[in-house]
Amino acid sequence: LTLAASVNIYEKDEDELYLSDESISILCQALCNEIQIYKKILHQALNLSQDQLGASLMELEAKCPHEAIAEKCSGVIPDIREKL
C-alpha cells in the first residue's frame, strides 16, 4: 500500500480559524473526560521536565480552566474495551 503525499491548496482565512470563547467552553466541556486522561498522561510522562509539565498544564488552564482543575467530569467515561 502506497500513500501519495497530500498537498493542501486551500488558503486559510484568519476569520475561519477563530473560535469564540463560548465555543471553546463548549468544546472543553465535551472533552472533559479526554482532558482528564491527558492530564494523567502528562503527569506520567518520563520525557517531560517539571518546567515542561507546568507549561503544558498552564496552557490547558488558559483554554479550559474548569476542566484543568477538575478531577472528575459530570459525564461517565464510556467503556470502549469491547470496541478495540
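**Disulfides and a helix pair**

Modeller: A disulfide (a pair of cysteine sulfur atoms within 2.5 Å) joins Cys28 to Cys64, with an S to S distance of 1.9 Å. This is a predicted model, in which local features need pLDDT of at least 70 and side-chain atom pairs count only at pLDDT 80 or more, while totals for chains, interfaces and linings use all residues. Residues are numbered from 1 along each chain as its sequence is written, and side-chain values use heavy atoms, with hydrogens and water left out.

Biologist: Which hand does the disulfide of Cys28 and Cys64 have?
Modeller: The torsion about its S-S bond is about -65°, so the disulfide of Cys28 and Cys64 is left-handed. Cys28 lies in helix α1 (residues 21-30) and Cys64 in the loop between α3 and α4 (65-69), so the pair links distant parts of the chain, 36 residues apart; helices are DSSP runs of H or I with at least four residues, numbered from the N terminus.

Biologist: Are Cys28 and Cys64 buried or exposed?
Modeller: Both Cys28 and Cys64 are buried, where buried means under 20% relative accessible area with a 1.4 Å probe, protein chains only.

Biologist: How many disulfides does the count come to?
Modeller: The count comes to 2 disulfides, and Cys32 and Cys73 form one of them, with their sulfur atoms 2.0 Å apart. The torsion about the S-S bond of Cys32 and Cys73 is about -85°, so this disulfide is left-handed. The pair links distant parts of the chain, since Cys32 is in helix α2 and Cys73 in the segment after α4, 41 residues apart. Cys32 and Cys73 are buried.

Biologist: What pattern do the disulfides follow?
Modeller: With bonded cysteines counted along the chain, the pattern is 1-3, 2-4.

Biologist: Switching to Asn33, where is it?
Modeller: Asn33 is in helix α2, residues 32-44, and is buried, with a relative accessible area of 15%. Leaving aside neighbours within four places in sequence, Asn33 is in contact (heavy atoms within 4.5 Å) with Cys73, Gly75, Val76 and Ile77.

Biologist: And at what angle do α2 and α3 cross?
Modeller: The axes of α2 and α3 (residues 50-63) come within 10 Å and cross at roughly 165°; axes are lines fitted to C-alpha atoms over the stretch in contact, and angles run from 0 to 180 degrees between N-to-C directions. The two helices are therefore roughly antiparallel to each other, a term for angles over 145 degrees.

Biologist: Which residues make the contact?
Modeller: Ile35, Tyr38, Lys39, Leu42 and His43 of α2 make the contact with Leu53, Ser56, Leu57 and Leu60 of α3.

Terms used. Buried means under 20% relative accessible area, exposed over 50%, partly exposed in between (1.4 Å probe, protein chains only). Angles under 35 degrees count as roughly parallel, over 145 as roughly antiparallel, 65 to 115 as roughly perpendicular and the rest as oblique.
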